[in-house]
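Keep the viewer open as you read.

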Amino acid sequence: MKKKLLIVESPAKAKTIGKYLGDEFTVKSSVGHVRDLPKKGLSIKIAPANPPESGWTFTPSYEVSSGKEKIVEDLRRAAKSADEIFLAPDPDREGEAIAWHLGEVLSDVTKGKEVHRVTYNEITKGAVRAAVEHPGEINLARVDAQQSRRILDRLVGFKVSLLLWKNLPYGHSLSAGRVQSVALRLLVEREREIAAFSPVAYWILGVEATKGTKDTSFVAKLSRLDGAKPDVRSQEQAATCVDDLDGSSLRVVSVKTLAKSRHPYPPFTTSTLQQAASSVCGFSPHRTMSIAQKLYEAGLITYMRTDSVNVAKVALEAVRAQIGNEFGAGYLPDRPNFYKSKAGAQEAHEAIRPTDVSKKPGTLELDASANKLYDLIWRRFVASQMADARLAQRTVGLEAEKDGLRHSYLFTASTTAVEFDGFLAVMKAPATRKAKDDAEDESDEVKSLPLLAEGEKLVAARWLSDRKETKPPPRYSEAALVKALEENGVGRPSTYAQTIEVLVDRQYATREERQLVPTQRGMDVNDWLVKKLEPLFNVGYTAEMEADLDKVEEGEVKGNGMLSDFYRKFSAWMEAAKEPPPPTDKFDQLFALLDEVKNWREPVKNGTRVYDDHGFVTSLRKQLAENKVAASERQLMALVKLAVAYRDQIRDGEIRIIDLGYGPELDRVKNAPSEDLLKWCFQTIDRIGGLSKNPFLNSLREQVDRGRLLSPKQFQILARSVGENAGALDDADQVRARLAPYVPGGFEVADTDPAVPGILKLLESVTEWKEPVRRGRRTYNDAEFVASLRDQYARRSSLSPRQVLALRRVCVNYRSQIPDFEQMADRLGLRELPRMEKVGDAERDAKKAARAERRAKKARDA
């Protein structure tokens with residue numbers, strides 16, 4: 001019997017598939033990508049093509065991914081002992097690339113052996129066995145497309161990020177991305193629309209009509225004023241209409257019933273699943289994809305990275321049988337419902353659906369979040385093959401009647417009844433779609449209407465006048481941003497969740513009340529990119545590149561050709577984005593000033609680097625004279641800072657610096673915190689203890705040691721850190737008083753909870769801590785959490801109310817290891833703990849108000 005090796009990406013998937021295959025198969029996992037471009041550097045060799053006029057060649061330098069060395073060696077050993085190898089990563093571009101990379105790293109141990117590519121859209125016994133029985137080959141066009149995308153992203157990310165580091169004051173934490181920066185642009189442009197928006201008041205007029213009894217009353221809206229759509233823009237105009245209507249009666253002039261249908265939605269694609277999960281379950285795109293991945297690996301749903309709405313024939317037959325059995329023949333269309341995928345979708349894929357529709361929600365052993373998402377997918381799939389819902393919309397028209405009426409008024413009201421619920425029977429959805437924003441003002445829908453006949457007289461119980469204001473466009477929620485990116489053809493739905501996470505991780509945007517709000521950093525990055533590289537980060541151009549990548553995948557064009565077309569434009573745009581070099585005479589003037597300096601600071605060594613003012617000036621002068629480096633604005637400003645620092649040794653130093661146009665830099669230095677104050681801050685940090693490992697504070701200390709000034713923002717952070725952590729010092733009040741002028745808004749110092757020392761004392765008895773738990777991107781480690789709070793309390797003598805509650809919860813969870821727990825529980829408040837979300841409401845409200853004030857200020861400034 002042949003020994004067979006099948007390799008997938010995920011350990012969970014390997015475990016599931018291992019149950020479906022016979023003893024001749026060994027199933028291993030690569031745990032994702034095994035090779036990639038190195039994290040540092042460009043790592044792409046760009047050389048002229050042959051012939052040169054055809055463009056360039058782009059050769060990536062791949063390496064085994066960090067931490068994957070042992071996995072690769074294990075796979076190589078398994079491949080060496082196998083007779084036949086099946087590469088079975090996911091059925092998309094990334095999966096095809098993983099399969100190709102696996103083939104490359106195993107090539108020397110698989111020579112002369114059969115190496116196959118197998119794909120399946122669902123992890124079921126039938127699908128996996130069928131894939132193994134009918135293997136194929138690696139799709140090199142798809143690999144070419146993925147590699148081209150990777151090269152594009154590295155070219156843009158690496159080269160543009162260097163420009164951001166050079167031109168914006170945020171250091172090396174900045175990054176740009178082909179899709180990421182376009183997503184940021186959408187956020188920033190929407191924020192600017194909101195800031196520039198001026199609300200306009202308008203009035204909605206209506207009437208509460210009745211047949212004479214309370215149970216027959218309903219509200220109708222004014223739909224025609226003198227035969228035209230009403231446009232009431234002032235209180236005076238609204239009051240005039242109400243005065244005119246006063247004393248009028250109402251006559252029913254029309255009663256119409258309109259038959260309507262509601263069609264079911266197609267089954268989910270990646271992006272529509274992310275949008276629906278956000279709206280219905282409150283899940284972020286990242287969380288949705290994480291849960292969907294687990295459902296897929298458990299064999300419960302089909303592959304979740306897809307832009308197709310196709311459904312396999314066998315699945316259509318199964319769901320139609322399920323609908324007929326559960327709901328009856330009336331809910332089953334004569335023929336299956338077919339849906340059209342958007343342009344460019346990979347038709348070989350399926351929509352996201354349950355692998356076995358008979359496995360109903362609530363019958364599976366899933367956690368609450370997974371059950372919610374499975375329920376959503378199951379209902380959407382079943383509904384997609386059910387009959388339309390049939391509705392009856394009844395609309396009545398009412399005219400106002402009175403002698404001397406100056407205008408004609410027509411009021412309307414509508415109600416919708418479900419005559420046949422169709423797919424709504426499984427969707428838990430209302431008959432009418434919820435109106436949004438201004439559309440709500442256009443709707444005359446009411447819950448119910450009494451029986452009415454044309455010519456019937458009604459009583460106007462009261463006339464209604466409701467002031468409204470036009471609303472600015474809403475900020476993007478994560479689901480709305482996903483929808484906008486997909487509608488504009490930017491990126492791929494499978495990457496949207498990660499794109500949003502990058503925006504948040506880079507501090508370009510924050511999540512506030514389920515909306516994405518760009519930060520000042522994000523706005524600065526966007527503004528620079530749009531100013532300097534607008535064509536590159538244009539929404540339309542990014543969509544064009546996606547279409548070009550699709551052509552590569554289809555084999556219509558080669559990756560090198562597409563990349564060459566891009567690189568030709570990209571090089572021109574990058575050259576145009578560079579700042580022109582400063583005039584050489586400015587350097588000469590500053591060198592002349594610094595020639596007068598006799599006593600230079602001693603060089604400072606920091607690690608392997610040596611900071612030497614005199615050495616820097618001498619080296620730069622020589623390199624510029626020999627044209628070894630191009631003059632830059634950054635070099636010029638470094639010389640300016642040195643001239644200001646050594647101004648006391650330069651004849652008429654301050655006057656000459658001002659005459660050269662560098663007065664603002666001189667003022668900045670004069671207004672900076674004194675050297676004594678900085679030294680005192682770091683001495684206080686040493687007294688506090690516990691902050692010595694803080695990398696940011698250590699970087700500030702090194703900066704000061706090198707003789708460099710701190711920016712106002714840097715010193716504000718330093719002062720705040722010292723003040724808020726000085727609680728355990730005897731002179732804490734004096735420390736905070738000295739630093740208070742440099743910390744707007746004061747220090748955030750929580751009131752001391754007298755129970756904290758006792759709780760920390762009890763937790764010293766704990767010897768066996770639970771294993772750390774990873775949820776999404778965060779890891780929860782009880783032992784480290786308690787240690788960090790112990791350290792913080794030692795420094796500050798206080799913890800926030802939320803931290804104290806969390807500490808109490810940890811103590812309760814480990815009560816079995818604490819001998820004195822029962823006798824101390826009441827005294828330390830360890831009984832009947834409140835819910836976490838109830839703690840700190842005032843604190844959160846204050847922060848929310850502060851954010852609102854900052855946004856208002858931003859709008860005023862704009």
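Val 31 counts as partly exposed because its relative accessibility is 39%, a value between the 20% and 50% cut-offs. Please keep in mind that this is a predicted model. You will find Val 31 in the loop that links strand 2 with strand 3 (35-36). Its phi is positive, about 55°, although Val 31 is not a glycine. As background, most residues other than glycine have a negative phi.

## Arg 514, another loop residue

A positive phi also turns up at Arg 514, near 65°, and this residue is not a glycine either. Look for Arg 514 in the loop between strand 15 (509-512) and strand 16 (515-518). Arg 514 counts as exposed because its relative accessibility of 53% is over the 50% cut-off.

## A cis peptide bond

Now turn to the peptide bond between Asn 50 and Pro 51: it is cis, with omega about 5°. Pro 51 belongs to the loop between strand 4 (44-48) and strand 5 (56-60). In general, most peptide bonds are trans.

Next, trace an open sheet of 4 strands, ordered 2-1-7-8 and paired in parallel. At its edges are strand 2 (25-29) and strand 8 (114-117), each pairing on one side only. On average, neighbouring strands of this sheet are turned by 20° against each other, direction ignored.

How many bridges join strand 1 to strand 7? There are 4 between strand 1 (residues 4-8) and strand 7 (residues 84-87), which run parallel.

Notes:
Residues numbered from 1 in each chain as written. Predicted model: local features only at pLDDT ≥ 70, side-chain atom pairs only at ≥ 80, totals over all residues. Heavy atoms only, no water. Pairing = 2+ DSSP bridges. Helix = DSSP H or I, 4+ residues; strand = E, 2+ residues; numbered from the N terminus. Axes fitted to C-alpha atoms, helices over the stretch in contact; angles between N-to-C directions. Buried < 20%, exposed > 50% of the residue type's maximum accessible area, 1.4 Å probe, protein only.
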